[in-house]
Each structure stands twice: as structure tokens, then as C-alpha cells.
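Please have a look at the model before I go on.

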Amino acid sequence: QVQLVESGGGLVQPGGSLRLSCAASRRIFSLNVIGWYRQAPGKERELVATIGARTNYADFVNGRFTISRDNAKNTVTLQMNNLKPEDTAVYFCYAWMGNDYWGQGTQVTVSS
């Protein structure tokens with residue numbers, strides 16, 4: 001099993017940046033996939049970016065976000081730049097290791 005704890009959400013103006021971090025309870029190199037999903041009000045949860053055998057980004061990212069991992073610290077980070085109001089959502093850390101594992105989520109609000 002693995003526990004995931006997110007941090008770094010908050011309120012930012014359009015065009016601004018945020019950095020989300022996810023701390024895992026076990027060595028992340030042992031995880032098949034780790035990354036981020038998001039869920040906006042009234043919408044289904046959707047993939048943002050993941051790292052596994054390859055790095056995968058959703059089309060809406062369009063070069064604005066960067067996912068990275070620090071195996072020494074067992075953390076995965078999502079750097080989000082040029083944020084838009086439509087990026088407002090709860091962002092969840094996700095991992096797969098035979099089963100799906102989710103963090104509790106962190107709110108990101110993009111508003112002027």
C-alpha cells in the first residue's frame with residue numbers, strides 16, 4: 001500500500017503559477033505510475049499528468065505544466081504556469097501499483 005499527501009494548492013490569478021507536491025509513503029521508484037488528476041465541480045475526474053514508463057500529459061496542458069519526480073525524497077511535483085480559470089479544480093495525487101491509490105486532494109482556484 002501507499003499513502004499520498006498533496007500540498008501546494010491555493011488561490012492564484014489568471015496567468016499565475018502554482019507548484020503542487022505529493023509525498024508518498026514508500027519509494028516512488030517502486031510505483032508503476034505516479035502523477036496527478038483533477039476534478040472540477042460537476043465534472044468527472046480527469047488525468048493531468050503522470051510518470052511511469054513514459055511521461056504523459058493531458059492535451060489541455062499544452063506545455064503549461066511540468067511533472068517531475070524526486071526519488072530521493074519520494075515526491076512528485078507538478079509545476080503549473082500560465083494558469084487559467086478553467087484549471088480551477090481539486091487536484092489529486094495518484095499512484096498505481098497493482099491497485100489505484102489516491103491522495104485527499106488539494107484545491108486550486110484560478111480567479112481574479
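Let me begin with a definition: buried means under 20% relative accessible area, exposed means over 50%, and partly exposed lies in between, using a 1.4 Å probe and protein chains only. What you see is a predicted model, in which local features need pLDDT of at least 70 and side-chain atom pairs count only at pLDDT 80 or more, whereas totals for chains, interfaces and linings use all residues. Residues are numbered from 1 along each chain as its sequence is written, and side-chain values use heavy atoms, with hydrogens and water left out.

With that in place, R38 is buried, its relative accessible area being 6%. How many salt bridges does the structure hold? There are 3, where a salt bridge is a side-chain nitrogen of Lys or Arg within 4 Å of a carboxyl oxygen of Asp or Glu.

In one of them, R38 meets E46 at 2.8 Å, taken from N to O, and E46, at 33% relative accessibility, counts as partly exposed. R38 also forms a salt bridge with D87, at 2.9 Å from N to O. That pair links distant parts of the chain, since R38 belongs to strand β4 (residues 33-39) while D87 is in the loop between β8 (75-80) and β9 (89-96), 49 residues apart.

Now to D87, which counts as buried at 1% relative accessibility. The side chain of D87 meets that of R64 in a salt bridge as well, at 2.7 Å from N to O. This pair, too, links distant parts of the chain, with R64 in the loop between β6 (55-57) and β7 (65-70), 23 residues from D87. Both D87 and R64 are buried. Through shared partners, the salt bridges join R38, E46, R64 and D87 into one network.

N74 is placed in the loop between β7 and β8, and with 16% relative accessibility N74 counts as buried. If we leave aside neighbours within four places in sequence, N74 is in contact (heavy atoms within 4.5 Å) with several residues, including C22, A24, R27 and I28. As for I28, its backbone nitrogen is reached by the side chain of N74 at 3.3 Å.

Conventions:
Helices (H or I, at least four residues) and strands (E, at least two) are DSSP runs, numbered from the N terminus. A polar contact is a pair of N or O atoms within 3.5 Å; within protein, one must be able to donate a hydrogen and the other to accept it, and residues adjacent in sequence count only if both atoms are side-chain atoms.
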